[in-house]
Amino acid sequence: MNRNARRAAAIMLLAAGAVLPALAASPAVQEAQTLLSQGDYKGALDRLDRYLASSPQDAEARFSRGLVLVKLNRSDEAIKVFADLTRDYPQLPEPYNNLAVLYAQKGDYEKARDALEAALATHPAYATAHENLGDIYSALAGSAYNRALQLDQGNQAVRYKLSLINQLGNGPGGYAPAGTTGIVPGKPKTDILAPAPVAAAPAPAPAPTPAPPVAAAPADTDTGAVVDALNAWAAAWAAKDVDGYLASYGADFKPESGSRAQWEAQRRERVAKAAHISVHALSPQVSRIDAHHVRVNFIQDYASDTVNDKVKKTVEMSNSSGSWKIVRESIR
């Protein structure tokens, strides 16, 4: 993590929410939450682990376990907990928000942004996610301006923009340091992310605001090949052709948590477990990232013997040896 990311993490959001408001907590979860509020994190984790051994699909217990792992500074394990929740319960916004918190603490602001956008896709009125997304955009802007300043030390316009970004952390009340916010059942809490301050320079007149960049559309031939590759991915998944499904992912694809080998083993298990699967990539919208990468937004219509849902999904694809492969995926 670079210096800016480390400084941002020092005044970072902490995990939001102690309970999922749409779910009723079991007595075991309530007991664990009491232990958590008393600072007995190991006791809370032990109680949740014992309960989950017999009730592994209890979303509330799994969510609470993720919060305990955050308190124990076991962030990689917490990321896995919240990532699994977003896959198993994509309609719940809170796991996406907490996943974003942990990604941001690692300085991975792009993954944090994607997770927050997914939270807002499921729950547009989620104020905490809106606030956190604003903080992530500020961090991304601060990082980009700092990089520009490293390349052009005399650019006073960039210094001015950085000074504006830094002022976001000096509003009424300021920012609370990470870890100071208590967890209250039923009430999501956050601290705030701020970009790293830089030495202030005399502010020149504001520079004109540039027009936002627009992604170029790929050529029609590229669009057709991308959509064909996406449909082949969905068809292999629906046919339970695991080898064909996994072959749709590029060599540089990295799952949200765990190793590539662990991810592949989990996908094989889940695909094989379903009695039947139906997958359709609806309304794909293709935009170019650069000469060799595109982004595809679409609606994933998935049905099996146990799950039936539609989610907004984004994949990034790379042209590798003449074929398009998935190198990144997220639910919006």
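**Reading the sheet and the cores**

Guide: Aspartate 290 has histidine 293 in β2 as its bridge partner. This is a predicted model, in which local features need pLDDT of at least 70, side-chain atom pairs count only at pLDDT 80 or more, and totals for chains, interfaces and linings use all residues. Residues are numbered from 1 along each chain as its sequence is written, and side-chain values use heavy atoms, with hydrogens and water left out.

Visitor: In what order do the 4 strands form the sheet?

Guide: Strands of a sheet pair through backbone hydrogen bonds, either parallel or antiparallel. Here the open sheet has the order β1-β2-β3-β4, with antiparallel pairing. β1 (277-290) and β4 (323-331) are at the edges with a single partner strand each, so one side of each lacks a neighbour in the sheet. Strands are DSSP runs of E, at least two residues, and helices are runs of H or I, at least four, numbered from the N terminus; two strands pair if DSSP finds at least two bridges between them.

Visitor: How many bridges join β1 and β2?

Guide: The two strands pair over 11 bridges in the antiparallel sense, and they form a hairpin with 2 residues between them. Strand β3 (residues 308-320) is joined to β4 by 8 bridges, and valine 315 stands opposite glutamate 329 in β4.

Visitor: Which residues have the most contacts inside the largest nonpolar core?

Guide: A nonpolar core is a set of buried Ala, Val, Leu, Ile, Met, Phe, Trp, Tyr and Cys residues joined through side-chain atoms within 4.5 Å. Buried means under 20% relative accessible area, exposed over 50%, partly exposed in between (1.4 Å probe, protein chains only). In the largest core, of 42 residues, Phe82 and Leu99 have the most contacts. A second, separate core of 28 residues includes Ile277 and Phe298.

Visitor: How is the pair of tryptophan 233 and phenylalanine 298 to be described?

Guide: A pair of aromatic rings is described by the distance of the centres and the angle of the planes. Rings of Phe, Tyr and Trp (its six-membered ring) pair if their centres lie within 6.5 Å; planes under 30 degrees apart count as stacked, over 60 as edge-to-face and the rest as tilted. The whole structure has 10 aromatic pairs. For tryptophan 233 and phenylalanine 298 the centres are 6.1 Å apart and the planes at 75 degrees, so this pair is edge-to-face. Both residues, tryptophan 233 and phenylalanine 298, are buried.
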